[in-house]
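Hi! Here is the structure I promised to pass on. Have a look at it first, and then read my notes below.

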Amino acid sequence: MKRYIIFGLIFTTAIIAGVVWRTSVQAQDMPMTEAHIARIRANCVEAQTRLGQLHASDALLRVNRGQLYESISTKLMAPLNSRISLNHLDDVNLVTIAASYEGQLAYFRQSYQQYEEAMSRTLKLNCINQPVVFYDSVADTRAKRKKVHESTVTLHETIGDYKKEFEVFAKQFTGGDQ
Amino acid sequence: MNEEQQLHNDHTLDSWSKHRFMVLVGMTILISLFLVSVALALYASSGAAQLDLSRPGYQSVRNQAGHSTSFDGFPATGVLDKKAIDEFRSLYDKQAEKATNVDSFSGNAMNEQTLSIDPPAEN
């Protein structure tokens with residue numbers, strides 16, 4: 001009897017899981033309505049103009065933020081690590097964080113490049129003739145922009161981590177006399 | 001080498017000497033095209049294109065780009081004493097503040113609603 005109850009529970013769970021999965025797949029694959037396509041077609045030229053402005057302002061942001069992020073690595077972290085080493089001192093954590101920051105900086109450059117390429121493709125589309133392609137392209141570009149944002153958040157965290165580790169080093173170095 | 005072969009060789013040399021200037025020009029153009037293609041491929045793949053604000057479409061923001069020469073950084077050589085530690089702290093805090101005070105690439109600038117391409121509300 002107990003065996004039948006367990007079997008019944010497993011069977012019911014499997015059916016419910018299958019129904020839930022099928023519903024979610026159907027929701028993702030749901031075709032766009034004519035009204036939605038008409039709305040995209042009506043507003044896409046204005047949307048492309050806005051995206052063009054965003055493209056330009058993001059390029060400026062990439063140049064200015066990029067310079068700042070680079071300068072922290074090349075003009076602050078690397079020289080301090082080098083100076084610590086030249087003075088026969090050792091702080092592995094600072095070197096590790098600096099190396100991690102370099103990797104994150106490379107990821108930031110790469111993710112921005114992918115975002116910019118996606119944005120350029122979106123801006124080149126003839127959105128009146130291809131509203132669905134335009135809509136999908138905007139979604140793809142949005143996802144790539146989100147990745148760039150996430151990479152900047154990671155960089156900010158690492159900048160904070162380096163500062164914390166530097167303070168630990170400074171405390172040890174000066175014997176707590178700051 | 002017989003006389004017939006000699007005549008054939010002379011004819012070949014003569015033909016080459018007649019067209020060698022055109023061949024030289026053609027080869028120069030081909031090499032130039034190849035080098036330009038390599039340069040453009042590197043420009044696109046290296047990420048330099050994304051930093052190039054001289055491209056069309058960036059006129060409005062071109063003048064707002066910062067100059068990287070304004071910050072000298074921390075010297076990589078010298079004695080590491082309390083003064084140097086304080087100097088580094090001051091420089092790092094300033095630069096870290098600049099880098100982290102803006103939440104870059106965030107917000108809802110690319111939202112469907114902002115771009116007015118979201119699904120219309122059903123009646």
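**Two helices in chain A**

In chain A, α2(A) meets α3(A) through A:Q48, A:L51, A:G52, A:H55, A:R62, A:Y69, A:S73, A:M77, A:A78, A:N81 and A:I84, and their partners in α3(A) are A:L94, A:V95, A:A98, A:Y101, A:E102, A:L105, A:F108, A:Y112, A:M119, A:T122 and A:L123. Contact here means C-beta atoms, placed from the backbone, within 7 Å. Helices are DSSP runs of H or I with at least four residues, numbered from the N terminus. By class, this contact has 14 nonpolar, six polar and two charged residues. Nonpolar covers Ala, Val, Leu, Ile, Met, Phe, Trp, Tyr, Cys and Pro, charged covers Asp, Glu, Lys and Arg, and the others, Gly among them, are polar.

Before you go on: this is a predicted model, where local features need pLDDT of at least 70 and side-chain atom pairs pLDDT 80 or more, while totals for chains, interfaces and linings use all residues. Residues are numbered from 1 along each chain as its sequence is written, and chains are lettered from A in the order in which they are written.

How do α2(A) and α3(A) pack? Residues 34-86 and 92-124 pack at an angle of about 165°, with axes 10 Å apart. Axes are lines fitted to C-alpha atoms over the stretch in contact, and angles run from 0 to 180 degrees between N-to-C directions. The two helices are therefore roughly antiparallel (over 145 degrees).

**Where the chains touch**

On chain B, 41 residues are in contact with 56 residues of chain A. The largest share of that side of chain B, 10 residues, comes from α4(B).

Note on methods. Parallel < 35°, antiparallel > 145°, perpendicular 65-115°, else oblique.
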